[in-house]
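Me: I would like to go through the annotated site of this protein with you, one question at a time. Please keep the definitions beside the values.

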Amino acid sequence: MPLLTHCTLVDGSPGSPPLADAAIAVQDAQIAWAGPLAELPGAHAGMERHDLGGRLVTPGLIDCHTHIVHGGNRAGEFRMRLEGASYDAIARAGGGIVSTVTATRAATEAALLADALPRIDALIAEGVTTVEIKSGYGLDVDTELRMLRVARRIAAERPVEVVTSFLGAHAVPADCRDDPDGYIDRVCIPALRAAHAAGLADAVDGFCEGIAFTPAQIARVFDAAHALGLPVKLHAEQLSDLGGAAMAARAGALSVDHLEYLSARDCAVLAERGTVAVILPGAFYTLRETQSPPIAALRAAGVPLAVATDCNPGSSPMTSLLLAMNMAATLFRMTPDECLSGVTAQAARALGLTDRGRIAAGLRADLCVWNVAAPEELSYRIGFNPLWRRYFKGATCQA
């Protein structure tokens, strides 16, 4: 196994300074040691050396919020929004999530996989080693399970780790439009139990919003998740403030995501409960929103900040985590350090993963080697990919 030498190491922890002339020893898909090359323990001195020529090394990137598996696209709705229609108006007219449901229900498992793989390939090419994938475009038992099976198959087709989230509480399907509570009882919770029984769900998510579900309805889904021993997370406060983020945090949520309308009061609840705030600038940008998430208040409260693509066919058709980092910095004034930790250490925390996201002994050897001199270059550039080499579980592949 390799000894990576003469690199500048950024371990992924918030606020950690770059370490010049560092080395990383990799054994059995794990980091055996990392630190200054001059302090290399004798036990690793005989390993095969790979000189990285001073390049920057970070943990493998983690995209902790995506909807990569879906049928069709919503380019027509993109045009409608440019002509003045709001996201809410499109959704209430039968577009939005519900229109993707129709396309996804009609797609075979093979077709969903074939459509998802190019999106995954784009993320891998930028250094992503772990990706979260949600269901939520089936809104019936069969299609929700089909989406999750495809997500699991992606990990067999590509060198990437997939974490799945059951998102049956994503929208109210057309046939239940007047009975969202009935949908939760008759479809969503039974689908969740079926997904858990089949080993397809690693976590449970929901969409708490005026066009989706109330906090009380989401709480019932969370109760079912907790009964199955599954962690929870939530789309919350994207379009309005319903108090969903605080409800989720009090329910032990790993993360709450979007948060444009989060109140300063509820920032304190997230901090108290240790819930990660996942910032999704792609949706803010695509929907041309004007209210930014309260980054300064979240920062002041000490809430962990993660960043993700929110890759989806409607509000964030983006497959670049590097672009998400640039957007988070440019649109929301997150610092380059926050952006980098937001797609490494904090993203791992948002998924409940303790074995990756940092460069430290005993963690997985998921690593990125970059042709840059300083970590801020990863957030600074637009449309440029400086990845030189990617290590997944210690195995290398050329970028």
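Reply: UniProt positions are given in the numbering used here, with feature names shortened, and such annotations may be inferred rather than shown by experiment. Residues are numbered from 1 along each chain as its sequence is written, and side-chain values use heavy atoms, with hydrogens and water left out. This is a predicted model, in which local features need pLDDT of at least 70 and side-chain atom pairs count only at pLDDT 80 or more, while totals for chains, interfaces and linings use all residues.

Me: Which residues does the UniProt annotation "binding site" cover?

Reply: The annotation comes from an unreviewed UniProt entry. Its residues span 246 residues in sequence, yet no two of their C-alpha atoms are more than 12.3 Å apart, so they gather at one spot.

Me: Is His235 buried or exposed?

Reply: His235 is found in strand β10, residues 233-236 (strands are DSSP runs of E, at least two residues, and helices runs of H or I, at least four, numbered from the N terminus). Buried means under 20% relative accessible area, exposed over 50% and partly exposed in between, with a 1.4 Å probe and protein chains only. At 4% relative accessibility, His235 therefore counts as buried.

Me: Which side chain does a polar contact of 3.3 Å join to that of His235?

Reply: A polar contact is a pair of N or O atoms within 3.5 Å; within protein, one must be able to donate a hydrogen and the other to accept it, and residues adjacent in sequence count only if both atoms are side-chain atoms. At 3.3 Å, the partner of the His235 side chain is that of Asp205.

Me: What is the relative accessible area of Asp310?

Reply: Asp310 is found in the loop between β13 (305-307) and α12 (321-332). Asp310 is buried, and its relative accessible area is 2%.
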